[in-house]
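This report describes a ligand site and a selection of charged pairs, and it should be read alongside the sequence and the coordinates shown below.

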Amino acid sequence: MKFAIRAGRVQGFLFTSAWWGWVYLGERVPGVVYCSMGKRIAGGGAGVVRGPGPGHGQGSGDGGALFARGHLLQLAGLSAKELRAILGRARVFAGHDADGSDDPKAWRERLRGKVVANLFFEDSTRTRVSFAVAAERLGAQVINLTSVGSSISKGETVADTALNVAAMGVDGIVMRHKSSGAPHLVVRTLAERAHSYDDAGRVCSVINAGDGRHEHPTQGLLDIYTIAERFDRLDGFDLSGLTVGIVGDIASSRVARSGIVGLGALGAKVVCIGPPTLVPRSIEAMGCKTTHDLDGVIGKLDAVNVPRIQFERHDGGGGGGGEKMPGASNAVASVREYYEVYGLNSARLAKLRPGAIVMHPGPINRGVEMSSEAADSGQSMVLRQVRHGVAVRMAVLEMCLNASAQGR
Ligand code: CP
């Protein structure tokens, strides 16, 4: 992965996929997503982009343009205004909206008659279930598809699978995949072939539910929502003055990437903390600070978010001392030593500021990223994060599917 910087901001990300051997270059030209060695996959021409409705901005980069078309592929490129529009709508669905003007009894009408396909080609509990709950609360029908039990197991490509699902007239595809950029490839394919499966050339919404090491945009949004709730920032979602630490496996974490860009856009300071093998200095190009000294910084944090160590994304290596590990890793020589230096244990819990919160996207490796005491403490927001995930995904589904329908 490389970063290109121009005029002080990140202009591009390069992701490689060994599986497909293709590259995704996002944000090289604002409003245009490139794929397959620079081929244009989604244009930003005037008259093509359609807004998601009154009060929603068009965004400043790929993320914005794609969101406006009814896709949410990443938080990178979304403007603060767009992030606040999604979070503000989530606030209504979370029941935190003060004026109560939106009647929950009417929510089932919002997406009545629509069909959402959950295409999960990598395991999931929280994201998959909460997208299904969110869609059903809005009145949509949900179809579930995984690698096992679908024709992916017979060698069908993800792009062909998405085309076939779209040809059946689904309104939204929620997709998780182990390869960075897989949902971008699906958007490109659907756009290129739209007239072969839809009389009106309609492209259904595509929502990224986590792609490789790239992004997990709805997780980023629900984490932001949880911080905003705890620090009384639901009015306006202005996070300035707050410092959020993201601890651990930043190099492999799509949750960290969505968090860094989303939190930063809303004014929070973000510090990534972990060993050099998991927290490369180059991540600072995304707009965060880095440090390898958790004990030196923990007392300065308002929120400490601890994504799971993604052992399955590390090169295989020794477990160190014959320890039983969740997975082999060259990046973490010894899980026991990692936990001693970076684990959120009771001693570190005691060093947190009064009122500081503990977060984890799940699933938790208890005794690796954090102790059970930390995970189950009064400061832990883990289950509030999960609860907010439904409201955030209701907002995203409603806004994306409505934007897609307006684009017919
Ligand atoms: N946080 C998260 O993405 O969890 P799942 O992998 O269970 O969906």
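## Ligand site

Which residues surround the ligand? In this predicted model, the ligand is surrounded by Ser 124, Thr 125, Arg 126, Thr 127, Arg 176, His 216, Gln 219, Pro 361 and Gly 362. Sorted by class, this shell holds six polar residues, two charged residues and one nonpolar residue.

On its own the ligand has 260 Å² of accessible area, of which the protein covers 92%.

## A buried histidine

His 177 belongs to strand β8, which spans residues 172–177, and is buried, with a relative accessible area of 3%. The side chain of His 177 reaches the backbone nitrogen of Ser 179 at 3.0 Å.

## Salt bridges

Across the whole structure, 15 salt bridges are found. One of them pairs Asp 198 with Arg 202, with the closest N and O atoms 3.9 Å apart, and both of these residues are buried.

Another joins Lys 351 to Asp 295, where the closest N and O atoms are 3.2 Å apart. Because Lys 351 lies in helix α11 (residues 346–351) and Asp 295 in helix α9 (residues 294–297), this pair ties together parts that are 56 residues apart in sequence. Lys 351 is partly exposed at 41% relative accessibility, as is Asp 295 at 34%. Elsewhere, salt bridges that share partners join Arg 89, Asp 102, Arg 110 and Glu 398 into one network.

Definitions and conventions:
Residues numbered from 1 in each chain as written. Predicted model: local features only at pLDDT ≥ 70, side-chain atom pairs only at ≥ 80, totals over all residues. Heavy atoms only, no water. Near = heavy atom within 4 Å. Areas by Shrake-Rupley, 256 points an atom, 1.4 Å probe, with all protein chains shown as cover. Nonpolar A, V, L, I, M, F, W, Y, C, P; charged D, E, K, R; others polar. Helix = DSSP H or I, 4+ residues; strand = E, 2+ residues; numbered from the N terminus. Buried < 20%, exposed > 50% of the residue type's maximum accessible area, 1.4 Å probe, protein only. Polar contact = N/O pair within 3.5 Å; in protein donor to acceptor, adjacent residues only side chain to side chain. Salt bridge = Lys/Arg side-chain N within 4 Å of Asp/Glu carboxyl O.
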